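Reader: Hi! Could you walk me through a structure?
Author: Happy to, here it comes.

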Amino acid sequence: QVQLVESGGGLVQPGGSLRLSCEASGSIDQINDMGWYRQAPRKQRELVAVITRGARTNYADSVKGRFTISRDNVKNTVYLQMNDLIPEDTGEYYCNAEGSYAQDGMILFGMEFWGRGTLVTVSS
């Protein structure tokens, strides 16, 4: 199967920065859209940013101007540069990807993959 592994989370003070990475591996045929979601304690998961294979991007209003999503299609990796962090950014950040993968000699399209998350805590 396809696996997504996030890294880069941690504890940071307000105003600080973090850079999250997520690398996809496994029986990948092609990854199309990739994105980052986050979930604060006792809250629903929300979309933070998304990037297409052609590098078009979209951001949640709450992070626009502070976060930058990017990707490396050769490495099947998506990044999230997080600047000017505020306590409201605290949460578990999950990597998401949509694409196709190989299984039983077939290519399956329109599949969705998720990482297990990396924790970001913004606190003084």
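**A hairpin and a ring pair**

Author: Let's start with a bridge: Phe-67 has Met-82 in β8 as its bridge partner. Strands here are DSSP runs of E with at least two residues, numbered from the N terminus. This is a predicted model, where local features need pLDDT of at least 70, side-chain atom pairs count only at pLDDT 80 or more, and totals for chains, interfaces and linings use all residues. Residues are numbered from 1 along each chain as its sequence is written, and side-chain values use heavy atoms, with hydrogens and water left out.

Reader: How many bridges join β7 to β8?
Author: Six, and the strands run antiparallel; two strands pair if DSSP finds at least two bridges between them. Four residues sit between the strands of this hairpin, and Asn-76 there has a positive phi near 55°.

Reader: And Thr-77, buried or exposed?
Author: Thr-77 counts as buried because its relative accessibility is 5% (buried is under 20% relative accessible area, exposed over 50%, partly exposed in between, with a 1.4 Å probe and protein chains only). Thr-77 belongs to strand β8.

Reader: New topic! How many aromatic pairs are there in the whole structure?
Author: Two. One of them is Tyr-101 with Phe-113, edge-to-face, at 5.7 Å centre to centre and 70° between the planes. Rings of Phe, Tyr and Trp (its six-membered ring) pair if their centres lie within 6.5 Å; planes under 30 degrees apart are stacked, over 60 edge-to-face, the rest tilted.

Reader: Which strands hold those two residues?
Author: Tyr-101 is in β9 and Phe-113 in β10, so the pair ties together parts twelve residues apart in sequence.
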